[in-house]
Every structure is written in structure tokens, then in C-alpha cells.
Amino acid sequence: LQQDGKILVGGQFTTFNGVPQNYLIRLNPDGTKDTSFDIGTGFSYWVSRITLQPDGKIIVSGHFSSFNDAQQNRLIRLNSNGTKDTSLNIGTGFNSSVNSISLQQDGKILVGGQFTTFNGTPQNRLIRLNSDGTKDTSFDIGTGFNNYVNSISPQPDGKIIVGGFFTTFNDVPQKYLIRLNSDGTKDTSFDIGTGFGYYVYFTSTQPDGKILVGGQFTTFNDAQQNRLIRLNSDGTRDSL
């Protein structure tokens, strides 16, 4: 939802109201198509995530490999009228889908997903980009994650909660959830023990620092916990 009440919608669709509309649209508050937002032929495949910048520009990610019939691998930034913002240049981009994007207060962009390369260089499932689309080399995750990243939640202190399908980080066991320092290293003050029994799909940090986690899991730290939990800021279970 934009501040002006208009609604950005992304997904698997190729029509709206029987008219071609490939995977992204902006609606007016009354549900009609906003014709001032023109994406041309649109995307070649699904849109998974939409993130609004304070300046009105729109970051879009997903499974697509082109936008408006030009190569655009899995991430793009659009101007408020739907045209491509050429000031964000990701080069050849990502080799597989982007599942999650999160904008930091400093304008840098956290990107997570299924990808194992960025711009032809190994990058396993998580990266931080500068506002111009280049890789932020101050954020180093080493060998990264062994499986998909689904959710990224930056904290006010610069630390980053990451959830997904992974069972290792940097070749060390880490089951489905981790907190990273602002430089990409593991935050060892956040200890989830043996972790979750299965996939994490959603994470959200509360104003008090506690963390909501949702997913397909039925255990946490080898105790029954069906699909939703709240953790304390140190990674322990919040008993409330």
C-alpha cells in the first residue's frame, strides 16, 4: 500500500479484468487499474516481493528473467510511473529466484532467495547491495547458506534476522534461523540451540526486540512448537 492509497499487486497473474497484465499492477483505491503506472509488456515470470522506498521508487523481485522484453534477472527497481530505474544496475543479476528483499535505513538492499551467484560470482542465497545495485563488499557471509533464504528482518541496531530452508551457515549447522551482525558474520549472542524442526517462512522483529517466527516447523530446540513462536532477543523461547 502506497501512502497515497494506491495498491501495488504482484504475483503469478498474466491478466487483470481480462486484459493482459504481466505479474505486476498498481490499482487505485477503488480497485480500478492505475493507468499512470505503465510497465509495458511487464515481467516474464512471477513477482514474489515488492518493497517501497521512501522516495516512491519500487523494488520488485521474483522468478522473472526479463522486464519489458529486456534481460532483468530477478530484481529491478522501478520509478513511480512503472518505468525501469536505470540508476540501479545489477548487471547480469541473479541465477535463480529472489524470495525476499528488505530495505535498510541507509538505503542498502538486503536480498535473499534461491540464487547461488550474483553477476556470475558465487553468492549463496543472501547479499547486500548498495543503492546503485553493486555488491556491498563490507557485508561478507563467507560460503553463505546451503539452502533457500525466505525472510530477512533488519533490526534497529543493524543486526539482521534471516530465516529459510537452510541447515548450515558458513558450513556450520544452523537450522532454519540465524541472526547476523551488520558485517554478515554470525551473531553468537543469539543462540537458538538445535533450532527448528523444519522450514521458516516468516520473521518479524517487534519494537521491544522480540522476534516472531512462523513456518512449517513442529519443534523448536527439540520441544513441540507448532508453526509459530516468539523468541526473546537472545534467541531463547519467549514463554508468554
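This is a predicted model: local features need pLDDT of at least 70, side-chain atom pairs count only at pLDDT 80 or more; totals for chains, interfaces and linings use all residues.

Aspartate 34 is buried, at 4% relative accessible area, where buried means under 20%, exposed over 50% and partly exposed in between, with a 1.4 Å probe and protein chains only. Residues are numbered from 1 along each chain as its sequence is written, and side-chain values use heavy atoms, with hydrogens and water left out.

What does aspartate 34 form a salt bridge with? Its partner is lysine 6, and the closest N and O atoms are 3.2 Å apart. By salt bridge I mean a side-chain nitrogen of Lys or Arg within 4 Å of a carboxyl oxygen of Asp or Glu. Aspartate 34 sits in the loop between β4 (24–27) and β5 (47–52) and lysine 6 in the segment before β1 (7–10), so the pair ties together parts that are 28 residues apart in sequence. Strands here are DSSP runs of E, at least two residues, numbered from the N terminus. Lys6, Arg26 and Asp34 are linked in a network of salt bridges.

Next, lysine 108 and aspartate 136 meet through their side chains in a salt bridge of 3.2 Å, N to O. This pair also links distant parts of the chain: lysine 108 is in the loop between β10 (98–103) and β11 (109–113), and aspartate 136 in the loop between β14 (126–129) and β15 (149–154), 28 residues apart. Lysine 108 is partly exposed at 22%, while aspartate 136 is buried at 4%.

In a further salt bridge, arginine 179 and aspartate 187 have their closest N and O atoms 2.7 Å apart. Arginine 179 is buried at 6% relative accessibility, and aspartate 187 is buried at 4%.

Arginine 179 is also among the contacts of phenylalanine 190 beyond four places in sequence, which include Leu177 and Leu231; contact means heavy atoms within 4.5 Å. Phe190, Leu177 and Leu231 are among the residues touching the most other members of the largest nonpolar core, which has 15 residues. Such a core is a set of buried Ala, Val, Leu, Ile, Met, Phe, Trp, Tyr and Cys residues joined through side-chain atoms within 4.5 Å. β21 (211–215) and β24 (228–231) each supply at least two residues of this core.

Conventions
Helices (H or I, at least four residues) and strands (E, at least two) are DSSP runs, numbered from the N terminus.
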